[in-house]
Amino acid sequence: MFGQIKLLFSVLLIAGIAGAGMYVMKLRSDNAILKANQVQLEQSIESQKKVLEQQKQDFEDIMESNKQLNKLINALKKDLDDLDKRFNKGKRDVGKLAIERSKVIEKIINKGGKNATRCIEIASGSPLTEKEIKATKKSEINPECPSIANPNYVPYE
Amino acid sequence: MNKILAIISILLLAGCSIGGEKKIKIFSVEEPRAKLNIEKPTPLQMEEIYWHIITSENADEVFKKLEDAGIDPVLFGLTDKDFEILAKNFAQIRNKLQESNAILEKYKEYYEKTEKEE
């Protein structure tokens, strides 16, 4: 009887130790999985951060590009308005002026035509000349399109 | 003896499948899209034209000058208003050209910059 109880306890003890061992092994295995998950999560967070930073940078680039394009469109519109003013400033009548001072107007028209032609060349991608880049005075600029022909010219009255 | 024979037979029959079929590994490699790389268009080289101002008073003089220079005495005319319209149309075409080029430049700048960063 005593022998049987002893055997039972021994079995229970061995089973307990084996169970504890297995439990520890399971905990270690769980711990390894959790560590791997943690590393993956951290990597994921890092990559998400990078994506967000890239998106932010892209957004800023898009805003900057739009700003620059709007600036260009406004400058081109101003050139067009200035051209209109040259024809219709005050009570100016180019036709009447041409009758009265044909030679002078012919010179002005041809100079304007030459400038306008150069503007088309620049708009199509022709590089600016040194003279065009350096122009800062009204007398030096291309009055047909100063916004694209003379980058250093600041309009003044 | 029979049992041993049976086991050997089973092993022989199943021998081909020991270790199983080799698994096909499928993997994908991201191949970047080929760049478009279209060259920039050659800038225009415009030819000069000469505008003649003709009034009822100087018409004879202008035509005589043309004849003297060996040019056919014929002119294709515009009124002052039409000249103004032509100048404005010209300016609008120029602006559109500049705008389109600037947009293309921005697209190139944006996407090529992104590719470099990647």
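Trainee: What share of the residues of chain B count as buried, and what makes a residue buried?
Mentor: In this predicted model, 5% of the 118 residues of chain B count as buried. A residue is buried if 20 or more other C-beta atoms lie within 10 Å of its own, exposed if 12 or fewer, and partly exposed in between, with C-beta atoms placed from the backbone.

Trainee: Why is helix α2 of chain B said to lie largely in the open?
Mentor: Helix α2 of chain B covers residues 59–68, and of these 10 residues the number buried is 0, so the helix lies largely in the open. Just after α2(B), G70(B) takes a positive phi of about 80°.

Trainee: What makes a stretch a helix, and how many does chain B have?
Mentor: Helices are DSSP runs of H or I of at least four residues, strands are runs of E of at least two, and both are numbered from the N terminus. Chain B has 3 helices and 0 strands, in the pattern α-α-α. Chain A has 5 helices and 0 strands.

Trainee: How do you know where the confidence in chain B is lowest and highest?
Mentor: From pLDDT, the predictor's confidence in each residue, from 0 to 100. Helix α1 of chain B (residues 2–14) is lowest at a mean of 78, and α2(B) is highest at 94. The mean for chain B is 85, and 89% of its residues reach 70 or more. For the complex, the predictor gives an ipTM of 0.72 and a pTM of 0.72. Local features need pLDDT of at least 70 and side-chain atom pairs count only at pLDDT 80 or more, while totals for chains, interfaces and linings use all residues. On labels, residues are numbered from 1 along each chain as its sequence is written, and chains are lettered from A and ligands numbered from 1 in the order in which they are written.

Trainee: How many residues of chain A are in contact with chain B, and what makes a contact?
Mentor: Two residues are in contact if their C-beta atoms, placed from the backbone, lie within 7 Å. By that rule, 33 residues of chain A are in contact with 31 residues of chain B. On the chain A side, α1 (2–88), α2 (94–100) and α3 (102–123) each supply at least two residues, and α3(A) gives the most, with 13 residues. This side divides into 18 nonpolar, 9 polar and 6 charged residues. Nonpolar means Ala, Val, Leu, Ile, Met, Phe, Trp, Tyr, Cys and Pro; charged means Asp, Glu, Lys and Arg; the others, Gly among them, are polar.

Trainee: Why is E121(A) called partly exposed?
Mentor: E121(A) has 16 other C-beta atoms within 10 Å, and partly exposed is the class between the exposed and buried limits. E121(A) sits in helix α3 of chain A. Leaving out residues up to four places away in sequence, E121(A) touches S126(A), P43(B), L44(B), Q45(B) and M46(B).

Trainee: How do you know how chain A compares with a compact globule?
Mentor: By its radius of gyration, taken over C-alpha atoms, where the globule rule is 2.2 Å times the number of residues to the power 0.38. A compact globule of 157 residues would have a value near 15 Å, but chain A has 41 Å. The C-alpha trace of chain A spans about 140 × 30 × 25 Å along its principal axes. Of its residues, 13% count as buried.
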